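I opened my notebook to look through this structure one piece at a time. Come along and check each entry against the picture.

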Amino acid sequence: MGVRGLKTYIENRNRNDLRSWAFRDKLLIIDGCNLYYTLYFDCDLDQMHGGDYDAFEELITQFFKNLRACDIDPYVVLDGGADHTDKKLDTITQRKQDKINAAFALSVGKKVKVLPILIKSVFRQLLHKLKVPLVQCLEEADWEIAALAEEWNCPVLSNDSDFYIFNLKAGFLPITHFQWQNVKVDRQTKKKFIQAKHFTVKKFCASFNMNTDLLPVFASILGNDYVKLQNIRCLTWAENSQNGIQHDHIDGLLNWLSPFPGPEAAVSALLTRIDDKEKAITQEALSKGIQEYKLFPGSLAKFFHSKTIPRTTCTGLLQVLPQCTLRHLLEGKMSSIIIDAVVHRRVFMVSQVEDFQLPCSSETSRPIRQVIYGLLLLGEQQTADIKTFTGTSKCYVEEYCRQQLKLSSQKVEAIQTEGLQLKTLWKEPPSVRLQLLLDTLGVSSEMLRGIQPALHLQMLVTYYWLVNAQPQPSQMHLWGLLLGMVHGKFSSTPQGQRDMLLRPKKLQTARRRFDLEHETAHLYSQWQSCLNCSLNLNSLLCFPVSEPEVASLYCGTLVHHVVRELRRGITLDSLLVRGSSAERLFNQLKGVVVSLVGEDFIKKMRTGLEHRAAGKTQRDYNGQNQPVDELSSGFEHLMYEDINDSEDDYDFNAKGRKSKGKDHKNEIPDVSYTIRTRHKTKARNANHPSKKYERSCFE
């Protein structure tokens with residue numbers, strides 16, 4: 001939703017629409033996805049190298065620490081899946097193309113915004129750790145946030161311009177003006193507070209002498225993600241504006257609306273300006289748009305208080321999901337990819353910074369997703385009203401990812417997991433659920449013996465990545481990844497500061513800019529994609545292995561620096577304090593990897609020193625200079641956009657633009673893989689593609 005340009009218009013008006021507020025001692029509803037997006041980029045954290053999650057963790061921890069110092073009680077709400085009506089599909093598709101463009105631009109040195117793939121996982125893990133109340137909606141969160149704020153009579157913290165339209169009694173606090181880093185103390189009461197800017201619809205409309213009920217009409221006329229009247233006919237409003245004012249079309253429309261007593265009169269007047277053949281569709285679009293902003297008690301309050309699953313979630317296509325899965329979704333312990341796969345049979349992959357001359361990094365993790373799709377869509381839990389691709393008895397999910405620089409789709413077959421049903425999965429013994437996870441990642445239970453449980457998932461993912469990633473990771477990439485895990489383990493404690501990696505720590509602290517090694521970026525993007533999908537599968541299987549703290553597993557600037565230093569000839573031993581706990585942990589992680597893949601596999605890996613040609617580290621993008629130039633003019637709008645997307649990364653102000661991309665629904669290539677099940681244990685090692693790949697390395 002949201003109205004493009006409204007935020008800037010309100011901030012630049014000289015009417016005191018945003019009033020200072022020493023904010024403290026209140027309930028606060030926080031738009032979670034908007035918060036982590038805004039803070040990540042406002043604090044200039046790494047994007048090019050896959051993210052610095054440890055720095056992000058420190059940032060979020062301090063944010064909520066400061067709230068509690070001011071006696072502010074936060075309640076965080078996250079977006080879920082895409083709207084079940086698909087009314088935003090054009091907008092989502094265009095945004096995904098924009099994100100591919102942005103990721104490519106960043107990979108060649110442009111300054112744009114790309115959110116690292118694991119940010120949402122880090123955010124929701126940290127909120128659970130900090131005991132901050134959290135709910136993940138099953139669809140977009142804007143309306144539910146507004147309804148909850150109205151029900152509890154407390155303000156909303158967000159940067160989404162929709163909250164300038166919802167008529168909330170307690171108003172709206174834009175994150176941009178929420179000075180959370182500078183906690184102040186009231187001289188009289190000695191109580192701490194955060195200086196904020198406060199907006200209310202009532203005061204805003206009073207400055208126009210306008211009925212507050214007309215604001216939803218205003219939003220619908222200008223167009224948002226759901227209503228696009230500009231696609232029917234371009235209506236000009238600037239003639240009603242004051243001379244020289246920025247966003248004169250917004251000002252003009254507000255002035256035009258202000259004399260009308262209510263929405264009906266305004267809509268009737270508007271229809272007189274519309275061609276007869278367009279009146280019906282315009283009236284219907286306006287009616288739907290106005291309804292989007294009508295508030296009544298939602299479903300979040302009850303779940304926040306009692307963890308009771310709302311009855312509304314048990315209807316429609318989501319009724320196939322068992323109660324435990326729904327609870328994990330609502331608690332934010334499970335990715336909203338689950339919702340999109342069930343409701344839409346469609347999933348959009350997250351764009352990452354990688355080598356755009358190679359296949360999309362998400363292809364490496366596709367077999368893991370196929371098992372997820374099989375658990376969700378195959379078996380007795382399916383109902384007749386779940387749509388299928390026609391002409392086949394198989395079940396597919398349409399995955400949208402990039403081919404070169406273009407968004408495209410492929411139908412990916414859901415893989416049957418014999419003997420396991422989602423609705424009874426939580427009743428299965430942990431060993432059965434664990435075996436399915438191991439089978440999917442190509443690891444036998446025997447290989448898992450002797451590995452500390454806390455290391456299981458990250459090491460399983462690293463094994464899967466080593467034997468499936470293309471191009472094959474070199475030893476340097478493996479050592480860099482493991483050193484990053486060591487850094488994450490020790491960086492959060494004072495003792496760890498003294499007992500840390502030496503040279504990489506200094507390099508990371510300096511945060512020097514350096515050119516991207518595209519192969520390194522691509523390989524680490526594949527690893528992050530594999531980890532993300534494995535986290536989703538582990539949660540769907542009711543956590544047969546403990547979930548690692550994601551923030552401690554990957555530090556982009558550090559691991560890239562390590563690879564560069566090793567390539568320059570720095571020895572691995574020189575990067576660790578001899579005899580330190582950091583060195584011992586690195587050797588432990590290295591020993592686990594060797595036990596999983598075998599010493600011969602490690603010996604036959606590329607060292608990373610034999611770069612294929614001088615200068616090959618920097619991929620030759622001369623052939624893509626034209627796409628870079630073409631994209632440049634469109635990058636500015638990616639910098640300051642309102643956040644309204646259905647999954648892990650978000651962009652600002654890509655509102656109301658209809659996708660011009662090709663419709664791929666009628667030409668979806670078949671991409672299928674096979675995965676073993678727990679009933680094929682004898683053939684497991686022989687049949688798994690990872691094992692075949694490993695055997696070829698031994699031969």
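**Entry 1: a term I needed.** I count two strands as paired if DSSP finds at least two bridges between them. The model I am looking at is a predicted one. I looked up strand E3 (residues 73-78) with E4, and they pair in the parallel sense over three bridges. In that pair I found Val77 opposite Val135 of E4.

**Entry 2: the sheet around that pair.** In which order do the strands of this open sheet run? I read E4-E3-E2-E5-E6, five strands with parallel pairing. At the edges I found strand E4 (134-136) and strand E6 (172-174), each of which pairs on one side only. From one strand to the next, I noted a twist that averages 25°.

**Entry 3: helices on the sheet.** I saw helix H5 (residues 119-129) lying across E3 and E4, and it runs at about 145° to E3. I then turned to helix H6 (residues 142-152), which packs on the sheet and touches strand E2 (27-31), E3 and strand E5 (156-158). The direction of H6 makes about 175° with that of E2.

**Entry 4: another sheet.** I looked up an open sheet of three strands, in the order E1-E8-E7, and its pairing is antiparallel. Its edge strands are strand E1 (19-23) and strand E7 (184-185), each pairing on one side only. I followed E1 along strand E8 (residues 192-198) and found five bridges in the antiparallel sense. Trp21 stands opposite Ala196 in E8.

**Entry 5: a hairpin.** Strand E10 (residues 396-403) and E11 pair in the antiparallel sense, and I noted eight bridges. One bridge I looked up joins Tyr400 to Ser409 in E11. Two residues lie between the strands of this hairpin, and Gln404 takes a positive phi near 60°. Is strand E11 (residues 406-413) mostly covered or mostly uncovered? I found it mostly covered, with seven of its eight residues buried.

**Entry 6: the cores.** Which residues touch the most other members of the largest nonpolar core? I found Phe64 and Phe178, in a core of 197 residues. Leaving aside neighbours within four places in sequence, I listed the contacts of Phe64: Ile30, Leu35, Pro74, Val76, Phe123, Leu127, Leu130 and Val132.

**Entry 7: two packed helices.** I looked at helix H15 (residues 366-377) and helix H22 (residues 518-540), which pack at an angle of about 25° with their axes 9 Å apart. Angles under 35 degrees count as roughly parallel, so H15 is roughly parallel to H22. H15 passes H22 in a left-handed crossing. On the H15 side, the contact is made by Ile368, Arg369, Val371, Ile372, Leu375 and Leu376. On the H22 side, I noted residues including Ser529, Cys530, Cys533 and Leu540.

**Entry 8: the whole protein.** Last, I stepped back and noted 28 helices and 12 strands. How much of the protein is buried? Buried residues make up 62% of the 699 residues. I also looked at contacts between residues at least 6 apart in sequence, and 78% of them join residues at least 24 apart.

Definitions and conventions:
Residues are numbered from 1 along each chain as its sequence is written. This is a predicted model: local features need pLDDT of at least 70, side-chain atom pairs count only at pLDDT 80 or more; totals for chains, interfaces and linings use all residues. Side-chain values use heavy atoms; hydrogens and water are left out. Buried means under 20% relative accessible area, exposed over 50%, partly exposed in between (1.4 Å probe, protein chains only). Helices (H or I, at least four residues) and strands (E, at least two) are DSSP runs, numbered from the N terminus. A nonpolar core is a set of buried Ala, Val, Leu, Ile, Met, Phe, Trp, Tyr and Cys residues joined through side-chain atoms within 4.5 Å. Contact means heavy atoms within 4.5 Å. Axes are lines fitted to C-alpha atoms, for helices over the stretch in contact, and angles run from 0 to 180 degrees between N-to-C directions. Angles under 35 degrees count as roughly parallel, over 145 as roughly antiparallel, 65 to 115 as roughly perpendicular and the rest as oblique. A crossing is left-handed if the near helix is turned anticlockwise from the far one by less than a right angle, and right-handed if clockwise.
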